[in-house]
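I opened this entry to record what I looked up, item by item. The structure comes first, then the notes.

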Amino acid sequence: MNNQNKRLKLRPVAFALTTFVSTASFGAITLYDDSEVGTVSVDASFNTFYANSSTDSEITGIERDQSRVKMGFLPNWLGMNFSKDINGLKVGGRSSFWVSINDSNSGLTSTGIDVRQFYATVGANWGEILIGKDFTLFNRSNIFMDEMLQGYGNVNDTLGLIDGQGVSFGNIGSGYTYPFPTAQITYRSPEFGGGFKLAVGLIDPSNTSTDDGANRESEESRPRIEAELTYTTKFDDGMFNAWVGFLNQTTESDIEGDVDSNGVSYGAKVNLGSFALHASGFSGDAIGFLLGPTDNALDLQSLLYEEGDEVESSGYLVQGSYKTTNNRFVLSYGNTEVETETPWEMDATQAAWFYNVNSNVTFVLEYSMNEISIGDATEDTDTIAIGGIVNF
């Protein structure tokens with residue numbers, strides 16, 4: 001493997017990796033509200049960090065200190081929400097896009113717009129059906145419940161993230177895979193059993209074979225199936241969340257036979273007074289290192305299928321936080337391993353202080369230590385980041 005070439009191939013992917021929009025967390029500004037016509041609202045988020053990364057890599061042969069001014073794990077986004085009640089049905093929709101504020105520091109302006117969500121929903125007392133593009137279900141709660149979601153996140157030179165024009169990876173590759181936004185038809189149940197909800201989706205599958213695309217010798221005869229069962233309960237001065245997710249997909253290939261992608265994700269988070277604890281993980285076969293089965297699009301097929309067998313992947317994330325009226329302090333550790341002939345592994349340790357200036361403005365100070373290894377070669381990157389977030 002040419003590790004230098006691998007870094008260069010992965011660099012553009014950082015631009016398309018991460019955006020998470022949670023209107024429940026950040027609220028929305030109502031633009032129009034009429035009982036006959038419906039409701040239209042908008043939400044937005046803006047963040048910028050100064051970051052200094054010190055890296056020493058046996059993988060790329062790079063040792064350096066690099067300063068950047070760029071966005072963190074979350075992008076800058078603008079989202080539009082629509083809803084209307086029609087004859088007992090609640091019809092809704094969402095379109096969100098994000099903008100990269102930082103170009104590669106070695107190139108000219110290349111800021112782009114990337115649509116991460118574009119879907120409609122139809123709901124009633126029987127639940128809700130979503131049609132369109134949205135985040136998938138496997139590892140979804142693992143990342144949405146991440147205490148470091150609004151931080152700067154993990155970077156390194158091996159994956160081209162220090163100089164890249166996009167976001168960091170957060171804990172993608174060091175605790176969970178990314179539920180990449182994909183076309184889907186997903187059903188979500190109403191609450192049952194005192195706090196349970198079930199989501200089941202038919203997902204546009206990702207090809208995991210080595211065919212060249214032009215002379216296709218593989219197929220996905222059925223969609224990818226993903227599901228997530230969540231449980232939420234509230235009690236005096238606290239809340240408990242738990243979840244388990246599932247992924248199944250098969251690529252049938254004349255070249256290498258069937259590639260069966262199967263995975264389970266899980267986790268729990270408890271908030272008790274000023275304290276919160278998070279523990280989550282995943283494991284499976286042919287689900288890769290970063291994007292699940294979509295890793296094949298990163299030229300990482302060897303992390304899915306090798307020498308006639310599906311490759312095993314696993315990861316976990318543990319976190320603790322303490323908050324006061326305006327402050328939140330977080331400690332985090334995550335790890336992901338891919339058991340190939342040349343194993344891949346990444347560890348991430350983070351400490352962060354989030355200070356809420358008011359309900360819309362947050363100051364962030366973060367220190368992270370990232371170690372990625374490919375076989376016996378490693379890269380260590382220490383990053384300090386100082387930034388601010390403005391949410392609407």
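I began with the polar contact, which I took as a pair of N or O atoms within 3.5 Å; within protein, one must be able to donate a hydrogen and the other to accept it, and residues adjacent in sequence count only if both atoms are side-chain atoms. The model is predicted, with local features needing pLDDT of at least 70 and side-chain atom pairs counting only at pLDDT 80 or more, while totals for chains, interfaces and linings use all residues. Residues are numbered from 1 along each chain as its sequence is written, and side-chain values use heavy atoms, with hydrogens and water left out.

**Entry: Ser100**

I looked up a polar contact of Ser100: a polar atom of its side chain lies 2.9 Å from the backbone oxygen of Asn102. Ser100 sits in the loop between strand 5 (89–99) and strand 6 (113–124). I took helices (H or I, at least four residues) and strands (E, at least two) as DSSP runs, numbered from the N terminus. Ser100 counts as buried because its relative accessibility is 1%. Here buried means under 20% relative accessible area, exposed over 50%, and partly exposed in between (1.4 Å probe, protein chains only).

**Entry: whole protein**

I then went to the totals. The protein has 3 helices and 21 strands. It has 392 residues, and 51% of them count as buried. For contacts I used heavy atoms within 4.5 Å. Of the contacts with a separation of 6 or more, 63% are between residues 24 or more positions apart.

**Entry: nonpolar core**

I defined a nonpolar core as a set of buried Ala, Val, Leu, Ile, Met, Phe, Trp, Tyr and Cys residues joined through side-chain atoms within 4.5 Å. The largest one holds 43 residues, and Ile143, Leu159, Ile172, Tyr178, Phe289, Leu290 and Trp344 touch the most other members. Two or more residues each come from strand 2, strand 18, strand 19 (344–356), strand 20 and strand 21. Strand 19 gives the largest share of this core, 4 residues. In soluble globular proteins, nonpolar side chains tend to be buried together.

Gly334 is in strand 18 (residues 327–338), and it is buried because its relative accessible area is 0%. Its C-alpha atom is separated by 6.4 Å from that of Val318, 16 residues apart along the chain.

Ser368 belongs to strand 20 (residues 361–374). With a relative accessibility of 2%, Ser368 counts as buried. Leaving aside neighbours within four places in sequence, Ser368 is in contact with Gly153, Asn154, Thr349, Gln350, Thr381, Asp382 and Thr383.

Leu130 lies in strand 7 (residues 127–134) and counts as buried at 2% relative accessibility. Beyond residues up to four places away in sequence, Leu130 touches Tyr119, Ala120, Thr121, Gln184, Ile185, Thr186 and Arg188.

**Entry: positive phi**

Most residues other than glycine have a negative phi. I noted two with a positive value. Asn139 has a phi near 70° and is placed in the loop between strand 7 and helix 3 (140–144). Asn139 is buried, at a relative accessible area of 0%. Asp237 has a positive phi of about 65° and is placed in the loop between strand 11 (224–235) and strand 12 (238–253). Is Asp237 buried or exposed? It counts as exposed because its relative accessibility is 61%.

**Entry: cavities**

On a 1 Å grid over the protein atoms alone, I took a cavity as a set of points where a 1.4 Å probe fits but cannot get out, with lining residues having an atom within 4 Å of a point. The whole structure has 2 cavities of 30 Å³ or more. A volume is the space filled by probe spheres set on the points, which are joined across faces, edges and corners.

The largest cavity has about 60 Å³ of space. Its lining has 13 residues, with Thr136, Tyr178, Pro179, Glu226 and Leu291 nearest its centre.

The second largest cavity has about 40 Å³ of space. Ser45, Asn47, Leu74, Gln150, Ile389 and Asn391 line it.

How values were computed. 1 Å grid on protein atoms, 1.4 Å probe; cavity = no way out; pocket = protein on both sides within 12 Å on 5 of 7 lines; lining within 4 Å.
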